[in-house]
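The following paragraphs are intended to be read beside the sequence and the coordinates.

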Amino acid sequence: MDTFLLSLIVLLAGGLFALLAFRQFNLMKAGYIALSIAGSIIGLSAIRAPLQQGITSTFSTTWLHIFSLSFSLDSLSAFFLIPIFTICPLATLYSFHYMDNTNKKSRVAANFFFLTLLTISMALVATADNIISFILVWEVMSLSSFFLVMHEYHKKDTRKAGYIYFIFTHVGAMFIFAAFSLAYSYTESFDFVSFATMPDNIKIIVFFLALVGFGSKAGIFPLHIWLPHAHPAAPSNVSAVMSGVMIKMGIYGIIRLYARLEATDLVYGEVILTLGIVSGILGVVYALGKHDLKKLLAYHSVENIGIILIGTGIGMIGIATDNMVMASFGFAGGLLHVLNHSIFKSLLFLGAGAVLQKTKIRHIDKLGGLIKSMPTTGKTFLIGSVSISGLPPFNGFVSEFLIYYGAFHGLSLGGSSFIFTIFAILSLAIIGGLAAACFSKVIGVVFLGEPRTKKAMNAPDPEFTMTLPMIILATACIVIGIFPQFFIMTAFQGLQSISTLHAVTTNEIITVADNLAFAARLLLVAFFLSLLLRKIFYLKKTVTSGPTWGCGFTQPSVKMQYTGTSYAMSIIDFFRPFVDIRTTYSGINRIFPGRTTYKTQVDDIAEKALMERIVSPILYLLAKLRWIQHGHIQLYIGYIIATIIVLLLFI
Amino acid sequence: MIEFIFILPIATGLMTLALPATLGRIVLLVTALLHLQLTIMSWMGRLVPTFSDYFSASPEGLLILMVTSFIFVCISLYSFSYMQETDIENKPLFICCMLLFLGTMSMVTLSDHPIVLWIAIEATTLVSAPLIFIHRSKAALEATWKYVLICSVGIALALLGYFFITLAMDLGNIDAPMTFTSLNTVATQLDPLWLKVGFIFVIIGFGTKMGLAPMHTWLPDAHSQAPSPASALLSGALLNCAFLGIYKTHVLMCIAGLGEFSGNLLIGFGLISMMVGAIFIIGQADYKRMLAYSSIKNMGIIAFGVGIGGFALYGAFLHIIHHSLLKSSLFLSAGNILLGFGTKQVQRIGGIIRHLPRTYIAFFAGFIGISGMPPFGMFISEMIIMVGAFQEHRYISVALFLLALTLVGAGVGRIFMSMSYGETSKKLLVKEKTIRLLPSYALLLASIALCIWMPDIVHTTILNSIKIIGGITHV
Amino acid sequence: MESFITFAIAALTAPLFPGIILKVKAFLAGKKGPPLFIKYFTVLKLLRKGSVYSTSTSFIFKLGPVVSFATALICLLFFPFADRAPIFSFHGDIIVIFYIMGIGRFFTVIAALDTGSPFEGMGAAREVFFSTLAEVTIFTTLILFYRLTGSLSFSEYFIGDNQICLLNASGALLLFVIVALFMVLLTENSRVPVDDPATHLELTMIHEVMILDHSGPDLALIELASFYKLFFYSAFITQIIYPFTHTSSAINGLIFYGILFGIYVSIGITESIMARCKMNLIPQFILTSFALVFFAAILTMGVLQ
Amino acid sequence: MINITESILVITLLSVLLSLGSTRLMALVQIMALQGIMVSLTPLFLRSHGSLGSGAIIFFQIMILIKGLLIPGLLYMAVKRVAIKREIEPFIGYHASILAGLAILIFSIFITNNLRLSLPEGHDMVLITAITTMAAGFFLMMARSKAITQIIGYLMLENGIYLIGTALTKHSHTLYVVEFGVLLDLLVGVMIMGIILHNIHNAFDDVDTTSPRRLKD
């Protein structure tokens, strides 16, 4: 625990250093990055013990005479600390050249400080061990991330995004407060440990109240609205941390609470699973419909949260039905996907940031052919895309396979659990397919083909501090894919904190892991062999080059290329009732038509519903109620008399 | 001779009428510091009341006295430069009224005799009226009129309430000196019916002053029209004094075994006030009015907490302290903004972060504070109140409580963000000055400090003020 | 050892069968048709040629054929032919296999997009959409098989004890599966009524249009890959139809290829008697297959309890 | 012999009704003077048994001075200086007001009878008067538009409260000091209101409180 705290102190020192020394810009950045990397490394060394030997260390102190702040570092916390201590330093390293605006020194310094604060608070959230400390660090986390989102406050969208994010965190926090206070009113103790002593019906209420709060942080479907606003608004290193790591804290909350409640009721699993299916499918469908690169990635976070929840839900159902293969593999898959998603999603966000910084274009249909001018970004982004589509031999597949494995073993159940499991498997299949579709679109439209606009042409690769993190992350994707054993075992280690779960025998895990590793390596071997084959075939062959075959059209132009919009349209159209497509088409109305424009926009039904069904009615009602402050002093005195009369009736 | 605490400012205040403004400012500052010193001495128990059948040093009184005194020091420092930059015609009067205001408020906190308390509170109304009217605009005039009339009417009712309580004494044939301390000893023999009636009138009367809906109607007008230091005093100190009147009576009720009744009344008023605050904060166009409504909401929270009792009572007292600190700091920042931009309209203000960066820090920090986020103390107090409410299993009230908090958060957030970050076309009139920033920083830091480390003496004082009616803190 | 032999046979004979389809079509059209070994000739011809690459393309374009070839080959490695165990097999390999097919598809698609040609983009869009839908049918089939056998690999399905077969108990359910899988086969391998490999209008193509720009050995690899894919699906159906429990593996092999032949013939017949359906009807077509299998899967709740 | 207390109270009630009906400000002010004197006389005669100490005598003299002379004098000055239009400009007509006054009277009698308090003889009459006065004060404040009438209403309210105080409570435990303070507050309050009144007049050249209504949401 001491090393853990030490790492936090080092991190904090880095943040404060950034605040103090922001006048020497480069020195500040260098020092800050050095300190935060050092802190993270110390942190990583601190979590080895709990993760490998399962040792739980605690730290506690009294606060304001009546409270105690206590933190404990067990295997589950340790597992969630891995992404925190790996992604955050990479993001800071990335920011060295990314945040190079020298006439906004103080702002950059503030950004660094709050990024550090976010890292620390996340680490503490993952270790908080009683209600008070949890809520405290949770709020600090929300607050610091809010300031990070507001970094480019001079833009209108950013302000809107920040406001929406503020509202969602506020409401979410309220629900978490309520849940924990309710729990306290039954357990009379602030410690999480005592949660298990609650009556079952209260457990359910507490869980679902908290679920609203955690869900709004994690971006579960109806509560995801802030993500597609906040992630594009924030600078890319921040989006990488927020989308890669912070939203996982919501997941952590759900799993931790579930573990502490020691609940074995079927309803938890079924609800979580349903939410996962909905978020997963709709998330990827909306992602297909979006043309802003970072918005698209944001919706993919929703999708991946969905996948994680599917895994968790499978696990919960497994526990409820005492099907431990299902339970442990479901949970393990979910946990591992937390790690994987944090890796490839931050990789993708960093790549998007590089594209954004070099081309200044958000709309993917204005890009194209970037892989030639910025090869490193392109290749790493490609790897990220393949991994997020859950295709072998990359890491995304490993976690999804574990979830499949658990789910298939749930098929032997009967009744409702069977149906839920079927839907889990099918939705995983659909999500996988659609994700592949979406990222083939992104890769194809952004990086391949011909640049569609002047700005997109010959944009160079970014500086090494920006490419290095991407390369590291891309390597991580491959390594986890090809050597999954260690990581799978780690995920299972993380499960030890769930007391209701009796994990399967180590041999079974190892066999599964080995099989996966074998398949991945086999694929690689086959790939290289056929590459060799191709080489052989091309020995002393004449290879010429010409324009793309235009099917007889002789005047090809870059405008002719297939756009992302049309690429995705048929698929989105398939999901018509759940997505709301607005098409604006100027039409051809003269003999010699002028410029015609065709534009489709996909609106989020959840957002529209929130606006139309909830927000505007409330505002209308409040506006009506404002009459009471009308300025007539005579009536004001009337209020007083009325109050007297009413109250006297109470006697 | 604890009475010095209010005699001193009153005397110096009357004195300053004769002095030129430049000298008066110094007197103001010196008096504030002396007052703080006296307060600290009284905390150490060095001062004992001479007229013990009118005055006493009750823990809750001392608590509020300390808050008032500290705030007043900051505000006097602020007005030190504020007075030059604004067109106050009659500066001596301003200073005099500030000091008298302090004096009367200190008197409220120290008074033990109900009707002395009443006199003091009525006096605060009268001496603060000129402060609101100091700018002599039509709007200020209207605000003052409403303030004086509504508050006088309300407080008259409070007097009636105390008459009923004395009647309750007569009917119980008690012949004890009529002070709260002695009443508490004989509370059980009081006639319950008339005690109830008395409490109703007291809560309506002082509730008018405290800003409990629906008697709050004067509050937004007065706070928005008064010069910022005065608004800060009104919101940060005066409301607490009115609350003190209600609280002492509530204690009496609880000891008399009518805590259920009075508690429910307080909860009801609290929730209504919170709702009213929420209603008017959302879509509010004037930021000083917005702050005023936020005070109404916070008074509602306090009343709610006191009504719930138990653990929430502790939270309510914490909330009093932190609300005073944060809200007065916010009003001072609002004063800087008003000086800088010359308008109270939210739409016409924007980009404070660019134009007044140092004010922005104080202003936005205050925002974070009043929306109940760490590291500011309201985070703790609101949480404690909520936990307490859950402990008492008052689920519907707590749901309304949360709803109000959410609405307020949304409304306040919109205003603060558009003001801090949005665009503006207006030019800056007055630059920000350190002397006008220090006070708001000091207040914020005090709130943070109390959130990180609370001195034992404060803790024990709060305990003493609530343990008489079973406020608990053991968790 | 025998596994390797069976695999080799399969890999070698795979290009033969499309020729059979052509023959059947020609026969039904009353023509002579191309020689039976036409596909071998095509492949060899392509291998001898050089290539022309579009200036818009990058290394991705060259990666496409390789990956699709490799993945197609791997699928055969995991598949048991007749009664012979596959070369590789483990609990859960089916999931891996179908995902490996997925990565093959992914690279074909981005290779197509790499050319920047509008038509290839169109084809790619259709490909990803339809194959996603087809995947659902396949996974429902796997669910059904798990209910029947409790296993997750081809070898356990077809050569383990309680193997899946039309003639065994609860084989009735498998009728649905066979029909559905046949529809999936048509979809995945872009045959009529989903796609028409013989058409000459790029606007209406799906798979063919994606490989417009490939030439020479690249195209050969793609062709081979598609042969293997088709072979894989047909073999899958074959295994469901008949349990190869005969003592002599030679006879089993003969029966196997016999049934396989039958399936290709039926593909040919379908192609010549059916017209290609409108693009917007194809999802419906695939969902029908899904409905069939899903129905079967739900039935197992009743059947097995 | 006639009961002095009764007659005083009756006069007070009469003044209330008159004030509700009066159409001229001056008249209203004079009525208030009368009412003030009456109200401050009441306790003297209620003390049938009580022997008045010298302090009490002085106190009541000051009281009469303030309630009967000082405050009405202030109001008088206000009316003169401000040169307010003489009419009262009611929201509710005079006849209606008088009827309302009667209703209030009946209402207060009803209340007093229902309180079932064991009051010393004659005190329930005091209670009736007190409640009527209070209610009428509120009525004036709400039903009249001029600011000065609101002050007068406030005064009536205070009178009523004072009456209740004298009626209900033994004076043993409220010392004159305290009552003196109350009185002082009242005086200062009225003065300040007068000043504001003056300013309102300057600002809006009318003291109609309906004209300034810019402060609202």
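Helices (H or I, at least four residues) and strands (E, at least two) are taken as DSSP runs and numbered from the N terminus. The model is a predicted one, in which local features need pLDDT of at least 70 and side-chain atom pairs count only at pLDDT 80 or more, while totals for chains, interfaces and linings use all residues. Residues are numbered from 1 along each chain as its sequence is written, and chains are lettered from A and ligands numbered from 1 in the order in which they are written.

Helix α5 of chain C covers residues 93-114. A residue is buried if 20 or more other C-beta atoms lie within 10 Å of its own, exposed if 12 or fewer, and partly exposed in between, with C-beta atoms placed from the backbone. Because 21 of its 22 residues are buried, α5(C) is largely enclosed by the rest of the structure. After α5(C) comes Gly116(C), with a positive phi near 70 degrees.

Two residues are in contact if their C-beta atoms, placed from the backbone, lie within 7 Å. Apart from neighbours within four places in sequence, Cys75(C) contacts Ile97(C), Ile100(C), Met101(C), Tyr228(C) and Phe232(C). A nonpolar core is a set of buried Ala, Val, Leu, Ile, Met, Phe, Trp, Tyr and Cys residues joined through C-beta atoms within 7 Å. The largest such core has 617 residues, and Cys75(C) is among those with the most contacts inside it, together with Val241(A), Ile425(A) and Tyr228(C). Helix α6 of chain B (residues 138-171) supplies the largest share of this core, 23 residues.

Which chains share the most contacts? Of the four pairs of chains in contact, they are chains A and C. Their contact takes 60 residues from chain A and 62 residues from chain C. On the side of chain A that touches chain C, α17(A) gives the most, with 14 residues. β3(A) and strand β1 of chain C (residues 51-54) pair in the parallel sense over four bridges, where pairing requires at least two DSSP bridges. Val543(A) has Ser51(C) as its bridge partner in β1(C).

Chains B and C do not touch, their nearest C-alpha atoms being 42 Å apart. Chains C and D likewise have no contact, with their closest C-alpha atoms 56 Å apart.

Notes: The expected span of a helix is 1.5 Å times one less than its number of residues.
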